[in-house]
Amino acid sequence: MKSIALFGLTGQGVETAGEILSKVIESLGYTHRNWRDFSTIIRGGNTSFEIYIADKFETESPPRMEEIDLAIVWTDEGVDRYLSRLKDKSMIFGPNNVKSIPSEHQENPPKLGFNVWSLGIICGHLGIPYQQVLKEVEMKFKKEKNTDLFEAGYQLGLTVLSGEPLIDLGIENVTISGNDALCLGGIAADVRYYYGYPITPASEILENFSKWLPPLGGGTFQVEDEIAAIHAALGCSYAGKRTFVATSGPGLALMTEGLGYAAATEIPLVLVDNQRGGPSTGMPTKTEQSDLLHLMNAGHGEFARILLTPTSVLDCIVTIQEALNLSEYYQCPVIIALDLDLALRKISIPWEKVESAIRSVEIDRGPTILESQIEGTYKRFEAVGSSPPLRTVPGVKGGAYVASGDEHDERGLMEPDFKKVRSTLHIRRLNKANSIRYNRPFSTIGDKDAPITIIGTGAMGELIENFVKDNPSVYQGLLIRQLAPLPKEELTVALKNSKRIVVAEYNAKAQIRTILKPGLENKEVHSLLRFDGEHFTDKEFNEEIFTILNEVTSNLTN
Amino acid sequence: MSATLTAKDFSNGNTPTWCPGCGDFGVLRGIQGALAKLSISPENSVLVSGIGCSGKISHYFGGYSIHTTHGRTLPTALGIKSSRPELTVISAGGDGDGYGIGVGHLVHAARRNLPVTYIVMDNSVYGNTKGQTSPTSPLGYESSTSPEGNLDQPINPLLLAWSSGATFIGQGFSGDIKHLEDLIIKGIQHDGFSLINVFSPCVVFNKAQGYDFYKKRITYQDRPAETSPEFVSLLSENPFTAGVLWQNKKDTARYQQQKVVDSDIVSYLKARII
């Protein structure tokens, strides 16, 4: 395992250097994970890039790691950030004027060029063949000066050559983020149109689709606001085509209008919320899991909804496909909640794992009638026994109906006998997703009979997995994939032998714990909460969990 | 496609609950007649309506229809038309819906030349909520929300749409169904965004602007303006000018995207990320 950090100012191309590095390591076939800390200041704010490279032939991407093997920093602030995290305090590089850096690790790169120089050091240290990276550098940065800077950095990096230089493993790796994963799964599930409004951290989805959908005969529209986005998505879905909307907190506030409308009209809708620090504009570039209680209840009036929470980048590929199937079967809003870290984190893993996630879900359009002609009087909102109603789409002869947000009868017509429809149609709509076909409401790691269970989801998934992996007989990890409807029975069974439970989440009010409460009865439950916008490193997370558990133990012995 | 379609084929048999004399009856008849004359089958036509009395129009329509939230007909129509370009999509709503709460969408639908016919039933009042001032109520208009008279300059929807790049702008009157039907036919035939503002009287809450008010003022224009100054002067001379007032051509190719990929979808996705 190798971990490297690069710290500079926004506008210095730190991210670009990170991307090149990641690409080169990807081409060698090493599984790795990137972490980015970026500022809302476009030029001149602090920014850092960390990369954690797994041992050769390891296919699980590592979590965010505390210990750093090599750090390259532009300012004193970078030293403050990274010196304490270095395994070997001398493994820090930077310009001449920066404190605490060994003089033999100092040079004088220009402000715009620091990134290429740093890239050289890293590649030299990792023993990546010079020509391989140079090709990438020359492709990205045309000027000759950059080649010289890279060369200088590379020579400096060779002075601290790693004991086990990277080699070409011959494995076909790909690098994707949670947002990329949603796009891959979406296209596999037949999404061809997308309507979006730029917002951090969901813009990547609109950007990806703008490139990826037109060759497939589809396309994207950058609409005027999130109200337009969700209504366009509803129009597309009404017309029988698959789509979804993605946003973050402030956009979610606007989309709430469409959420209730989708419920009333029973138009299938999938909404992705990449949660960031709130309330209001909040912390646009920082992670949080603080919209969950809102998502459980968002919208006026009462209606059924499904709330899913992917637990890893690969799980995003699967979840979006499942969500599109569920939305067409149950004809209610299906919400997918990610958090900023999961949406933006980039992992590099073997393509075959991505492919198997893409292929893991079959398209199932449920009771949607796309072609055949309807005989007799069609009642769009009449249930078929205990199954959901049949849904026609424009073009189907005899299937015309009105989809209305006004309360309506079984044909869809407004101004019905309210007393009658509220006791029939409204009740059906309220209860239609009380239990759903969903095979994995959570994934389980470790020993099912372990006395202690750590629960979490989203970005927390990799940390729980890493924690449990070290001691699987003592700990069980439950990575929650479905918050609504609450998988209460499954939870009760999974927690049968667990006496102590820690729910780890990125918010101040223990929202996941609150939602799961009915499934946690008679347990000793503790919360690990964080809401400063930062994602734990492995070490931070492990220590927090141990502190909580030790407190529990000492309380018990007292 | 049937050559024998009539307006009746575009009715779902549901009896309208509009007030007797409501202008919206005329608009419904105009839409139904236009679609029948164009031989567009009901199952291939979609009517998107907003909120307010005018929004109820979709409940009487015999094709597919979608009664959206307040002001959101155009984004909804965008989703339908962009994903199913072969469908005929008509948006219909009131002045509060389209020029008040939804006015932002009008600007953007016009600038992206969305191939949808947008019919606004303009009665200069909020009828469904019992008579409040609307974005097209004249200055001095007295209502429960402007008891001392309306102080806000009424919006000029035709100039707004025009300056936003609308490629078809027409104006009609629900008291002249024949003219209106013809206008809607031209709007549907237009390749691009068409706005048709229809004076559609509210005989209960805006008695001052009833059928006679419009009959006295409307003048008919038999061809679109050829230049920008001509268009602006047409409307400055008489805001009640009826007919196709502006029409030009802009590209709509983005709504007819062709598939160019032959590979299976997994290989396609792999090529995007490798």
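**Terms and values in the predicted model**

Analyst: The contact takes 49 residues from chain A and 44 residues from chain B, where two residues are in contact if their C-beta atoms, placed from the backbone, lie within 7 Å. This is a predicted model, in which local features need pLDDT of at least 70 and side-chain atom pairs count only at pLDDT 80 or more, whereas totals for chains, interfaces and linings use all residues. Residues are numbered from 1 along each chain as its sequence is written, while chains are lettered from A and ligands numbered from 1 in the order in which they are written.

User: Which element supplies the largest share of the side of chain A that touches chain B, and how do its residues divide into nonpolar, polar and charged?

Analyst: The largest share, nine residues, comes from α8(A); helices (H or I, at least four residues) and strands (E, at least two) are DSSP runs, numbered from the N terminus. Among the other elements that each supply at least two residues are α6 (178-188), α9 (249-265) and β18 (402-404) of chain A. The side of chain A that touches chain B divides into 31 nonpolar, nine polar and nine charged residues, with Ala, Val, Leu, Ile, Met, Phe, Trp, Tyr, Cys and Pro counted as nonpolar, Asp, Glu, Lys and Arg as charged, and the others, Gly among them, as polar.

User: How do you know that β18(A) and strand β2 of chain B pair?

Analyst: Two strands pair if DSSP finds at least two bridges between them, and three bridges join β18(A) to β2 (residues 64-67) of chain B, the two running parallel. Within β2(B), B:His67 is the bridge partner of A:Ser404.

User: Why is α6(A) called largely enclosed?

Analyst: A residue is buried if 20 or more other C-beta atoms lie within 10 Å of its own, exposed if 12 or fewer, and partly exposed in between, with C-beta atoms placed from the backbone. Eleven of the eleven residues of α6(A) are buried, so the helix is largely enclosed by the rest of the structure; A:Asn179, A:Asp180 and A:Leu184 are among them.

User: What makes A:Glu415 partly exposed, and what makes A:Asn522 exposed?

Analyst: A:Glu415 has 13 C-beta neighbours inside 10 Å and therefore counts as partly exposed, whereas A:Asn522, with 8 other C-beta atoms within 10 Å, is exposed. A:Glu415, in the loop between β18 and α14 (418-423) of chain A, has a positive phi near 55°. A:Asn522 lies in the loop between α18 (511-516) and β24 of chain A, and its phi is also positive, about 60°, although it is not a glycine. Most residues other than glycine have a negative phi, and most peptide bonds are trans.

User: Which peptide bonds are called cis, and what is omega in each?

Analyst: Among them is the bond that joins A:Thr200 and A:Pro201, with omega about 0°, and A:Pro201 sits in the loop between β8 and α7 (203-212) of chain A. Another joins A:Ala484 and A:Pro485, where omega is about -10°.

User: Why do β19 and β24 of chain A stand at the edges of their sheet?

Analyst: The five strands form an open, mixed sheet in the order β19-β21-β20-β23-β24 (chain A). β19 (442-446) and β24 (524-529) of chain A each have a single partner strand, so one side of each is left without a neighbour in the sheet. For β19(A), the pairing with β21 (residues 475-480) of chain A is antiparallel over five bridges, and A:Phe442 stands opposite A:Ile480 in β21(A).
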